[in-house]
Amino acid sequence: MVDQRGGLTKVYIFFNLLSFLMMDSLPKQTLNPNKHLKEQFVSNLDGSSILEIAALLTIVPLLVLLRYSIDFHWKIDYNNGGNAVSSKKNDDEIVVYRNWKAYTNAISLDFIFIVFPMLLFFTVLSEWVYLGAVLLSLLLLILSVTAKRSSSGLQRGPSLSFRASVSSYRVALMLITCLCILAVDFTIFPRRYAKTETYGTSLMDLGVGSFVLANAIVSRQARDVSSGNWITGLKGTAPLLLLAFIRLVTTSGVDYQVHVTEYGVHWNFFFTLAAISILTSFVNIPAKYCGILGFSVLAGYQTWLISGLNTYLLSDERGTDIISKNKEGVYSILGYWGMYLLGVHLGYRLFYAKHSNIRSTTSSIARVFLVSLLLWIVTILLDNYVERISRRTCNMPYVTWVLAQDLQALGIFMLSSYIPMNKLSSLEEAIDQNLLATFLLANLVTGMVNLTVDTIFASPFSSLLILTAYAFALSAIIGTIHFSGSRLKFW
């Protein structure tokens, strides 16, 4: 349908012209001969059960807490032993390590106890997820009890509180993402963990939703801190838009495989984050009201979906206009924005409101688990009686599922307050100081591997070897950057 209003018509023509310039005029290079096979390899999947994903996402924080506990038992202190010098600026801490040997030992142990087991459970040990969660829980319980007795009542220091737990949560999310974006192209990565086509749940379905929620919980809005006017907000969005267009141009330029039904023909993860940032800049309300607005947006969007929009979004129908070509990415903005607003409200109420103590105390941990339990109940009801969970449309059941799952994981990380002398591991500190750099580096290496290796034809041994080398190289590079005292922050 042609819009009769001149302003909208100009916008329509502009976006279609942009699409033509960026997609149709770029020469295609034959750097990816198995592109279509790789696209089919990650298409038409149904996912796994909610319970299995919950068990898998329980293992990740358990591995981190076990690393803390083992660190205490071995009485390793690489910061002091390595003659670390730290300085604080604008509430951010950068640690400069002077002892390279001690630091490399710490990074290596972090890789052995955290990253490598995660990789194994995502691939060759995927059939042992439930048993792994139970055994790791029992092991952590034993180590925590013995550590508490050995410490003579020594508790966690004041510098490591709720903020440290959130840092661990965000780092774990980044590690999961970095491992999965390459592992999914190998046969040893279970297809049930890859993104679902229409309805269902999988490990990778949590990705973009978890990033949106993590940003919401620690946002200035959730902390009730002034973020300036809408002009400032738009300026902050510019880097995201730049990254979005860079990804669009590069993937098109090398004819890289794209799962079109994930976001659309041109859309990508960075466009979604930029859209949320723009909406938040224009509709900037206090955190205590974000819950009402977020629920209203989600309720309206869900009503629209079950009234027929979901049929269109999940169909193969695509018009020639830019919105139709990117219908999944464009319409799902409403769901992700609603999720962001709810995340801001929950972050404010659970951690930053005046009545809340942001230290990882028993009461705050209990509140997080209670809210998570309530969200699990709501998710099950919505999934059974309203509409099945769909990451592709970002419907209300998907939003509540992400909230429930991530708050559960965050609650487990907050249990670290019961591990005496616990501190963030060296690898966690390194990634926490360079989150975006880690993600961009992982995407770059993933692209290089896919363009040089026939991943879908690699043997299980070769696949595991490549993934292990990739994970270790990523850890080593980010660790080296952190060791030098640098922080790759782009805005």
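Reader: At what angle do the axes of helix 14 and helix 16 cross?
Author: This is a predicted model, to begin with. In it, the axes of helix 14 (residues 327–352) and helix 16 (residues 396–414) cross at roughly 35° and come within 10 Å. The crossing is right-handed.

Reader: Which residues of helix 14 and helix 16 make the contact?
Author: Helix 14 puts in G335, Y336, M339, L342, L346, L350 and F351. From helix 16 come Y398, V399, V402, L403, L407, L410 and M414.

Reader: And how do those divide into nonpolar, polar and charged?
Author: The contact of helix 14 with helix 16 has 13 nonpolar residues, one polar and no charged.

Reader: Switching to charges. How many salt bridges are there?
Author: The count is seven salt bridges. One of them joins R192 and E52, with the closest N and O atoms 3.0 Å apart.

Reader: Which parts does that pair tie together?
Author: R192 is in the loop between helix 7 (162–183) and helix 8 (207–217), while E52 is in helix 3 (residues 50–73), so the pair links parts that are 140 residues apart in sequence.

Reader: Over which ring does the charged end of R192 sit?
Author: Over the ring of Y193, 4.9 Å from its centre. The charged end of K327 likewise sits over a ring, that of Y312, 4.7 Å from its centre.

Reader: Last topic, rings. How many aromatic pairs?
Author: The count is 18 aromatic pairs.

Reader: Which residues do ring pairs link into a cluster?
Author: F211, F269, F270 and F439 are linked into a cluster by ring pairs.

Definitions and conventions
Residues numbered from 1 in each chain as written. Predicted model: local features only at pLDDT ≥ 70, side-chain atom pairs only at ≥ 80, totals over all residues. Heavy atoms only, no water. Phe/Tyr/Trp six-rings, centres within 6.5 Å; stacked < 30°, edge-to-face > 60°. Lys NZ or Arg CZ within 6 Å of the ring centre and 35° of its normal. Axes fitted to C-alpha atoms, helices over the stretch in contact; angles between N-to-C directions. Helix = DSSP H or I, 4+ residues; strand = E, 2+ residues; numbered from the N terminus. Left-handed = near helix turned anticlockwise from the far one by under 90°. Contact = heavy atoms within 4.5 Å. Nonpolar A, V, L, I, M, F, W, Y, C, P; charged D, E, K, R; others polar. Salt bridge = Lys/Arg side-chain N within 4 Å of Asp/Glu carboxyl O.
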